[in-house]
Amino acid sequence: MDAIVKRDTYLNRLIIRKDNGQIKAITGPRRCGKSFILDPIYRNYLLEQGVPEDHIICITFDVEDDETPQELLDREKLKDYLYSRITDKTEPYYVFLDEIQEVEGFEKIVNGLNKRPNVDVYITGSNSKFLSSEINTIFRGRTDEVNLQPFTFKEFCQGRTESENELWKEYYTFGGLPALRKMPTNEQKITYLQKLWKKTYIDDVVERHNVENRDALEAIADALCSSIGSLTNTSRITNTLESVRKIKISDDTVAKYIGYLEDAFLFYEARRYNIKGNRYYENIKKYYSVDVGLRNARLNYRQLEPTHLMENVIYNELLHRGYAVDVGVVEHRVMKNGKSEYRQYEVDFIAADGNNKYYIQSAFEISDDQKRQQELNSLLRIDDSFQKIVIVKEDIMPYRDNHGIYFTGLFQFLNSEKLI
């Protein structure tokens, strides 16, 4: 349990960006391991490649860390310190600046370092002052972003000896934040996750955006957590807040607050795409949580629906593998009572990777022919040649049916490197 979890996907993303002349910005929700991927994981890689130890400069500016050198929070003192360390004019230096947003005017220092041909800069920052949407503006388009998520199921299982089913129950209940590995009791995990919401995530958003209606912000977070995997829109959330929580708020404010939560990397928006019509529906979407454990803690563990949690985990896994992901719909004309009408069949995910595209259904179980047909209704009505996949919870040997649709088990999918 104490062994370092190998995060090879992210390590490789840093390796291929090494010495590319851009500022590497590591983003993601608080406590997902942004600092750790730089030091020790990437730092150890550089040392193994023969980079001298004094050519790797690591500084953390986390105000909660007692080891942070307070004098370096001053921009001029930090600049003097960094340039006093960079004495070799030819050999490369690797500078890691963790939680750099704590230094006022940090962008000037980072941009200055990046102009030096033998300095490779890596930065992390918190969500309250360091948003993904602002990074390119701050650094004049000279950034290469690497977005981190909490542990995937495969990463979560590293060094564990329990059965996959036991690990799955723990994962879909408490999620994959790295700190949980050192917490032996459920009580500790619950307290940690709920405290993160109250004292870190919500506070970050309120501070960053000067949110006036904190109750509404928290109610919207609850609504998004409650509706993962379900189609929704701002009007529906507005109506729910007014009827259930007695909170009056406009659609525009709801949309704005949702944007704030997305900027903080707490939720992902999945747009709905009409496969045959080749167009997006702008007013209805799905939302998924960056971590199912955080989602469950937000709802005080009241809604542990295995079907929706499995769907959320699959969505996050697809993002982790670098796919662009939409949710899909297939419209099909049928005759009813002598009249022609359209019916809509949902496709859980459309995962795209360049020219490759995959249609994916998350099926917790296919217990009979009726359930099987229900899951296949949409896939069978897609007439292009891209791969179609059904992921089921049960442990099965992967196979293709007579229609060429690929069936695989959840654990086989989560533990594999490729979709097929």
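**Close-up views of a predicted model**

**View 1. The second largest pocket.** The second largest pocket has a volume of about 480 Å³. Of the 20 residues that line this pocket, T9, K154, H320, R321 and E417 are the closest to its centre. A pocket is an open set of points on a 1 Å grid over the protein atoms alone, where a 1.4 Å probe fits, with protein on both sides within 12 Å along at least five of seven lines; lining residues have an atom within 4 Å of a point. Grid points are joined across faces, edges and corners, and the volume is the space filled by probe spheres set on the points. This is a predicted model: local features need pLDDT of at least 70, side-chain atom pairs count only at pLDDT 80 or more, and totals for chains, interfaces and linings use all residues. Residues are numbered from 1 along each chain as its sequence is written, and side-chain values use heavy atoms, with hydrogens and water left out.

**View 2. Who lines the second largest pocket.** Helix 1 supplies the largest share of the lining, four residues. Helix 6 (153-156) and helix 13 (306-320) each supply at least two. Helices (H or I, at least four residues) and strands (E, at least two) are DSSP runs, numbered from the N terminus. The lining divides into three nonpolar, six polar and eleven charged residues. Ala, Val, Leu, Ile, Met, Phe, Trp, Tyr, Cys and Pro count as nonpolar, Asp, Glu, Lys and Arg as charged, and the others, Gly among them, as polar.

**View 3. The largest pocket.** The largest pocket has a volume of about 770 Å³. G33, K34, S35, F36 and P178 are the closest to its centre, of 28 lining residues. Helix 2 gives the most to this lining, with five residues. The lining holds 14 nonpolar, three polar and eleven charged residues.

View 4. Two strands pair if DSSP finds at least two bridges between them. Three bridges join strand 1 (residues 23-27) to strand 4 (residues 119-124). I26 has T124 as its bridge partner in strand 4.

**View 5. The hairpin.** Strand 8 and strand 9 form a hairpin with two residues between them. Twelve bridges join these antiparallel strands. G328 has V347 as its bridge partner in strand 9. In the turn, N337 has a positive phi of about 55°.
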